[in-house]
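Please take a moment with the sequence and the structure shown here, and then follow the text from one part to the next.

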Amino acid sequence: MRNLSKPAILLGPLLVFLCLTYVVPFLGILRWSVTLPEPGLGQYQAALSDPLILSVFWRTLRICAVVTAVSVAAAYVVTLLWVRGGPVQRLLIEFCILIPFWISVLTRAFGWLALLSNKGLINTWLQSLGVLSEPLSMVRNEFGVIVGMSHFLIPFAVFPLASAMRNLDERVLLAARGMGAGRQRVFWTVFLPMTLPGVLGAALIVFVFALGFFVTPAILGGGRSVMIAELVYLRIFQSPNWGLGAAISVILMAGVALLMGALMRAVRPGDKS
Amino acid sequence: MTSGRVASKGSQMLDKVTAGEIGAEGIGKTFGHFTALDGISLTVGRGEFLTLLGPSGSGKTTFLMILAGFEAPTSGRLTLNGLDVTRTTAEDRGFGMVFQGYALFPHMSVEQNIAFPLKVQKRSAAQIRARTDEMIEMVGLGGHGHKKPAALSGGQQQRVALARALAYEPPVLLLDEPFSALDRNLRGQMQDEMRRIHRDTGTTFVFVTHDQEEALALSTRVAIFNHGRLQQIATPREIYDHPDNRFVAEFLGDINVLPLASVVMQEGAAQAVFEDVPLRVALDGRDPTEAVAVRPEHMHLALARPAEGNAIPASVREIVFLGAETRLTLASPGGQPLVLSIPSEAVPAGLVPGAEVWVGWPEDKGVFV
Ligand SMILES: Nc1ncnc2c1ncn2[C@@H]1O[C@H](COP(=O)(O)OP(=O)(O)OP(=O)(O)O)[C@@H](O)[C@H]1O
Ligand SMILES: [Mg+2]
């Protein structure tokens, strides 16, 4: 008992802090969703039957799925080069992974705007080179949002992947090569399957993180590719319909919780023989 | 092979494979300024069971990795069946390898692990099936084929690693301390199994171990490494009876090393002096050195000076009864400790610590080291 009480005391302040900053506000939102403007599940009914809201949900899911696939795939390559490269290459990649953390979301979104917009660098170059006659629209649409979000999220996918790749027993790869397997085969049949738990972990982090994105879609989507977080913002601060905003938030939270539960179950090392 | 021997499980099923002959000429390996291997030259004959033995850090694993092709030597040449393979990649050499810790594919079942090298070789599904079953049977894992490695005990994982490494009939099987994680009992069992598998497959084995008994029990020849140098390579018997140098003598088993005051040559034998006592040492082709080594079990105890062979006076320090054998610790007049291992019934009745006795040994049992 004495052994238990010590960490409990140390953890206490953190638990209180998390409770105050997460649980209490969430309970508040839960209450709004069933009390504003009047008690009942009316707001949920409204949210789930409004075609606009449903289309935003659907778009959010679609964008997040694509962003997750793009970020995790890109992060896999980056991590592979990072973990298995020489010292110089490793340092260089480390630098590239860490730098984005020092630059705000806003700055990066505007950076992409400067690159991708109709009068941006890429369109100007391509037009002056004669490759394009009309500017390619790469922002104010889902493409821009996906590019901006993926760029932001890649570093977050790198860390779970790196830990999976680092924990992999080098000798297993040597064993495969010794049995005559070439690099390609070793990668596809041994390395990738063995790092799959890391891939799922990275995908989960990226996907959940992406669901709550607000600034990047707002800037690079230009109001056309509204995602769920922006919608909540609009319902709460502009309409204002606090009850509806709260209900959308709760639906999102419930979705995330379900997804995490399902994935945790899938990732846990199976006891099936 | 005697005709009366009962064929063990695997022997009828496995064809004798074409075992490889390895040649290493002056293999050296440096890591930065550190020399891990220095001019290793040896050959491993077809179907031989060679054990690499040496203290930690002596370069055994490094040498094995170079044989497998996972590391390139800094200098020297490697041949397989007379062909230069120094620059051949690990996948093209295709040596079987069993690592310490087994290195099984954790996401594949036992069957899939064993089938892996066969799939690499693009054998037909039916062949793969048959061979996998055969190997599972050979290592005694029938009924475990669908399990993942994590669901197996250490000994069972060890067998899977062995089956996987042998499934595709590699010309050479390399094993790096494959039993180090097993308990004593299981080790003994696996050693018997290893001997059987070596006999049945006829493959060339190169085996690394820390365990001297294991090395002596399994190998056709033993190579002793120290500080990246090959100290001696010979049959277990030869190494035990005629160690080439003091390191080998002291490393393998117990031995008494007696420093000599002087040595003179006389009639093909050497006349040496140990603490005023004259000794005769057989030369068997070597040059005299300043010490002679004698195994504890080659020495005997006498209450009076023996007429034959070498003998030095000593006083008994300690008597330890070990069952069939008794271990005696003695000291010469000059204080040199001596260890004897004699059959318990040969211990004179009433022998107690402090007794003054003679320690003798035949001339041909002492070697210069
Ligand atoms: N990649 C490496 N870089 C630097 N030094 C190394 C490397 N691999 C091995 N060494 C060094 O080479 C020496 C020999 O190592 P090796 O692993 O071959 O020894 P070993 O005989 O297998 O020892 P053990 O019995 O402990 O396994 C050691 O001193 C080790 O530190
Ligand atoms: Mg080693």
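In this predicted model, helix α4 of chain A passes helix α7 of chain A in a left-handed crossing. The two helices, which cover residues 87-102 and residues 142-166 of chain A, pack at an angle of about 130 degrees, and their axes lie 9 Å apart.

Helix α8, residues 170-178 of chain A, and helix α9, residues 183-211 of chain A, have axes that come within 10 Å and cross at roughly 160 degrees. Because an angle over 145 degrees counts as roughly antiparallel, α8(A) is described as roughly antiparallel to α9(A). Here the crossing in which α8(A) passes α9(A) is right-handed, whereas α4(A) passes α7(A) in a left-handed one.

Along its principal axes, the C-alpha trace of chain A spans about 75 × 70 × 35 Å.

Two details of the backbone deserve a careful look, one in each chain. Most residues other than glycine have a negative phi, and most peptide bonds are trans. In chain A, however, the peptide bond that runs from A:Leu36 to A:Pro37 is cis, with omega near -10 degrees, and A:Pro37 is found in the loop between α1 (2-35) and α2 (42-49) of that chain. In chain B, B:Asn81 has a positive phi of about 50 degrees although this residue is not a glycine, and B:Asn81 lies in the loop that comes between β4 (75-80) and β5 (83-84) of chain B.

Which residues are the closest to ligand 1? The ligand is surrounded by 13 residues, and the closest are B:Ser56, B:Gly57, B:Lys60, B:Thr61 and B:Thr62. By class, this shell has four nonpolar, seven polar and two charged residues.

For B:Gly57, a backbone N or O atom lies 2.8 Å from an oxygen atom of ligand 1. For B:Lys60, an N or O atom in the side chain is 2.7 Å from an oxygen atom of the ligand, and for B:Thr61 a polar side-chain atom lies 2.6 Å from an oxygen atom of ligand 1. Taken alone, ligand 1 exposes 630 Å², and the protein buries 62% of that area. The elements that give two or more residues to the shell around ligand 1 are β2 (34-44) and α1 (60-68) of chain B, and α1(B) gives the most, with three residues.

Key
Residues are numbered from 1 along each chain as its sequence is written. Chains are lettered from A and ligands numbered from 1 in the order in which they are written. This is a predicted model: local features need pLDDT of at least 70, side-chain atom pairs count only at pLDDT 80 or more; totals for chains, interfaces and linings use all residues. Side-chain values use heavy atoms; hydrogens and water are left out. A residue is near a molecule or strand if one of its heavy atoms lies within 4 Å of it. A polar contact is a pair of N or O atoms within 3.5 Å; within protein, one must be able to donate a hydrogen and the other to accept it, and residues adjacent in sequence count only if both atoms are side-chain atoms. Accessible areas come from the Shrake-Rupley method with a 1.4 Å probe; for residues, only the protein chains shown count as cover. Helices (H or I, at least four residues) and strands (E, at least two) are DSSP runs, numbered from the N terminus. Ala, Val, Leu, Ile, Met, Phe, Trp, Tyr, Cys and Pro count as nonpolar, Asp, Glu, Lys and Arg as charged, and the others, Gly among them, as polar. Axes are lines fitted to C-alpha atoms, for helices over the stretch in contact, and angles run from 0 to 180 degrees between N-to-C directions. A crossing is left-handed if the near helix is turned anticlockwise from the far one by less than a right angle, and right-handed if clockwise. Angles under 35 degrees count as roughly parallel, over 145 as roughly antiparallel, 65 to 115 as roughly perpendicular and the rest as oblique.
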